[in-house]
Amino acid sequence: MKKNVAILIFDNAEVLDFAGPFEVFSVASELKNFELFNVFTVAKDSNAISAVNGLSVNPKYNFQDCPPVDILVISGGIGSKKAMVDKEILAWVEQIHQNTLYTVSICSGARILGALGLLDGKKYCTHHGVYGHMAEVVPAGLPQKEKRFVQDGKIFTSGGISAGIDLSFHVVSLLYGDDTAKETADYMEYNLNNE
């Protein structure tokens, strides 16, 4: 069954946090006749978001018209500070998380999971510059500062920016095998041996 991968974006989301996973899941599917994943962006509303450093991005869906989500990818970036206190974003993530196969945060997107209490007593990763803030947001969390990504239950978290690409390959490998992940990495000319 083709899996829907929803990538949550918001103003001042870090570009590689959403573009990296988008590329990995999209290319993996492309190489298998587009049968593995349906990858799309989603935001609170349909207005263009202004990512970090001013990249304008039009979300494919908003919270009202978003299809069912199998894998939720939460972007990070400086905008995660506002997103983690946005009641609409929190309510949507909490609702979607209940039915996901996997919920994934990239970089400082962990703030959103932390704000929802989803990282209490759980191992997590985030950007190296965000662990101090995360200690306040989720004092009961178990930071894994030496890891690039970590899984705890159905929640995956990754370290800063480029680590989200590694985590995306890991998810592809879990779902469709190491060969699919390697084929995707080879096509992208990406070195998978950097964990």
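Close-up 1. Buried means under 20% relative accessible area, exposed over 50%, and partly exposed in between, using a 1.4 Å probe and protein chains only.

A quick note for reading all the panels: residues are numbered from 1 along each chain as its sequence is written, and side-chain values use heavy atoms, with hydrogens and water left out. Because this is a predicted model, local features need pLDDT of at least 70 and side-chain atom pairs count only at pLDDT 80 or more, while totals for chains, interfaces and linings use all residues.

**Close-up 2. Helix H1 against helix H7.** Take a look at H1 (residues 15–30) and H7 (residues 178–188), which pack at an angle of about 105° with their axes 9 Å apart. That angle makes H1 roughly perpendicular to H7. Angles under 35 degrees count as roughly parallel, over 145 as roughly antiparallel, 65 to 115 as roughly perpendicular and the rest as oblique. Axes are lines fitted to C-alpha atoms, for helices over the stretch in contact, and angles run from 0 to 180 degrees between N-to-C directions. Helices (H or I, at least four residues) and strands (E, at least two) are DSSP runs, numbered from the N terminus. From H1, the residues Glu23, Val24, Val27, Ala28 and Glu30 meet Thr184, Tyr187 and Met188 of H7. The residues of this H1 and H7 contact divide into five nonpolar, one polar and two charged. For this grouping, Ala, Val, Leu, Ile, Met, Phe, Trp, Tyr, Cys and Pro count as nonpolar, Asp, Glu, Lys and Arg as charged, and the others, Gly among them, as polar.

**Close-up 3. Val24 in helix H1.** Zoom in on Val24, which is found in H1 and counts as buried at 0% relative accessibility. Not counting residues up to four places away in sequence, Val24 touches Ile165, Ser168, Phe169, Val172, Thr184 and Met188. Val150 lies 126 residues from Val24 along the chain, and their C-alpha atoms are separated by 18 Å.

**Close-up 4. Helix H6 beside helix H7.** The axes of H6 (residues 163–176) and H7 come within 6 Å and cross at roughly 140°. On the H6 side the contact is made by Phe169, Val172, Ser173 and Tyr176, and on the H7 side by Asp178, Thr180, Ala181, Thr184, Ala185 and Met188. Sorted by type, the residues of this H6 and H7 contact are six nonpolar, three polar and one charged.

**Close-up 5. Gly77 and the loop around it.** Here you can find Gly77 in the loop between strand E6 (71–74) and helix H2 (80–83). Gly77 is buried, with a relative accessible area of 5%. Apart from residues up to four places away in sequence, Gly77 touches Asn12, Ala13, Glu14, Asp17, Ser108 and Arg111. The C-alpha atoms of Gly77 and Phe18 are 9.9 Å apart, although 59 residues separate the two along the chain.

Close-up 6. Asn12 sits in the loop between strand E1 (3–8) and H1. Asn12 is not a glycine, yet its phi is positive, at about 65°; at 35% relative accessibility, Asn12 counts as partly exposed. Cys107, in the loop between strand E7 (102–105) and helix H4 (110–115), has a positive phi near 55°. Cys107 counts as buried at 4% relative accessibility.

**Close-up 7. Cysteines without disulfides.** The structure holds zero disulfides, a disulfide being a pair of cysteine sulfur atoms within 2.5 Å. Cys125 is in no disulfide, and the nearest cysteine sulfur, that of Cys107, is 11 Å away. Cys125 is buried, with a relative accessible area of 0%, and Cys66 is buried at 17%.

Note on methods. Contact = heavy atoms within 4.5 Å.
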